[in-house]
Amino acid sequence: MRAIDRRTMLGGAAALAALGPHRPAMSRGLGFDALDGWARDDHRAALLTWQQSCKRVGGRDLCRIAEGDPRAFFETYFEPQVIGNPADALFTGYYEPVIRASKTRSDTFPVPIYAPPRDLERGRQHLSRARIEAGGLEGRGLELFWLADRVDRYFLQIQGSGRLKLPNGQLVRVGYAGKNGHPYISIGKIFNRRRAAQPGTFGAAPLKAWLRQNPRDGAALMQENPSFIFFTVRDDLAPDQGPVGALGVPLTAGRSMAVDPELTALGLPVWVETEASTGPIRRLMIAQDTGSAIKGPQRGDLFFGTGDRAGEIAGSMAAGGRMVSLIPKPELRRLIGRE
């Protein structure tokens with residue numbers, strides 16, 4: 001289950017690190033023939049997703065160079081490199097939920113999602129989840145929409161974005177607009193640890209069910225995570241576009257992923273070998289997002305798309321495997337004038 005607070009938007013200058021020298025300790029170079037399934041992947045789909053990022057990480061010259069044969073582009077200008085130990089790999093999934101909501105408070109929709117308070121400052125702690133849920137933000141006019149329960153709000157915050165379905169059928173998109181500065185604590189890990197002896201209780205769906213079946217204890221469990229996410233309306237995205245990730249571009253289902261930007265630069269292509277409930281994943285993905293729980297060189301969070309089916313796949317995703325970063329060769333950096 002995804003455990004994440006989001007999103008810190010990165011500008012183009014910061015993202016240029018993706019084209020800088022990137023050879024940390026504990027890295028090992030590979031040939032493309034060592035990537036399981038490389039020849040069978042849809043390299044054009046990966047390139048189309050990567051082209052969403054290329055202006056952010058290298059400008060128009062980089063986008064121009066990427067025209068032509070997709071597989072040849074990646075093999076010519078990038079070097080596969082394993083960073084860290086694949087024995088430590090962990091892949092999870094996330095998605096964009098569709099949640100019932102209202103513009104007004106009612107008995108059916110009593111739980112608000114909030115815009116950021118004016119006194120919210122990045123890097124400083126604001127009110128904790130418990131204090132907010134006790135009414136700490138009431139009377140400030142920050143309520144954007146009203147949801148059916150705290151469970152819907154909690155999981156919307158975990159995903160960081162979503163589509164709200166209003167009673168008249170209208171769909172409104174909301175996205176991350178800030179957080180209260182408190183550390184994220186995974187209630188999924190707490191839940192799983194406490195119920196380790198009970199088969200079939202792991203994953204997002206059993207957790208959601210338990211929280212709703214045990215409202216008092218569920219509220220207390222959710223408050224063990226003091227982190228709280230604020231939202232904004234996103235009316236700048238087409239219906240067929242995914243939510244915007246940390247790199248500032250819409251995410252692509254099955255091709256975008258969240259990484260630890262301290263170890264895997266945003267904008268890099270990343271070869272992923274893992275397993276999902278739908279079968280093996282052997283696919284070139286693009287690092288376009290981040291998350292508070294996504295830490296380590298072999299830690300990836302895969303974006304599966306929008307809606308319930310994407311949520312089922314994402315919620316059941318927790319597997320090992322291997323991440324292989326595609327590091328730009330010096331030739332590419334010279335062509336776009338970065339050396």
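Predicted model: local features only at pLDDT ≥ 70, side-chain atom pairs only at ≥ 80, totals over all residues.

Which residues in H7 meet which residues in H9?

1. Residues are numbered from 1 along each chain as its sequence is written, and side-chain values use heavy atoms, with hydrogens and water left out.

2. Back to the question: Val151, Asp152 and Phe155 of H7 meet Ala204, Leu207, Lys208, Leu211 and Arg212 of H9 (contact means heavy atoms within 4.5 Å). This set divides into 5 nonpolar, no polar and 3 charged residues (Ala, Val, Leu, Ile, Met, Phe, Trp, Tyr, Cys and Pro count as nonpolar, Asp, Glu, Lys and Arg as charged, and the others, Gly among them, as polar).

3. The axes of H7 (residues 150-159) and H9 (residues 204-213) come within 10 Å and cross at roughly 150°. Axes are lines fitted to C-alpha atoms, for helices over the stretch in contact, and angles run from 0 to 180 degrees between N-to-C directions. H7 and H9 are therefore roughly antiparallel (under 35 degrees is roughly parallel, over 145 roughly antiparallel, 65 to 115 roughly perpendicular and the rest oblique). Helices (H or I, at least four residues) and strands (E, at least two) are DSSP runs, numbered from the N terminus.

4. H9 also packs on H10 (residues 215-222), at an angle of about 120° and with the axes 5 Å apart. That angle makes H9 oblique to H10. On the H9 side, the residues that meet H10 include Leu207, Trp210 and Leu211; among their partners in H10 are Pro215, Leu221 and Met222. The contact of H9 with H10 divides into 6 nonpolar, 2 polar and 2 charged residues.

5. Now the sheet: 6 strands form an open sheet with mixed pairing, in the order E5-E6-E4-E7-E8-E9 (two strands pair if DSSP finds at least two bridges between them). E5 (111-114) and E9 (229-233) stand at the edges with a single partner strand each, so one side of each has no neighbour in the sheet. The twist averages 50° from one strand to the next.

6. Ile113 has Phe145 in E6 as its bridge partner. H7 lies across E4, E5, E6, E7, E8 and E9, running at about 25° to E5.
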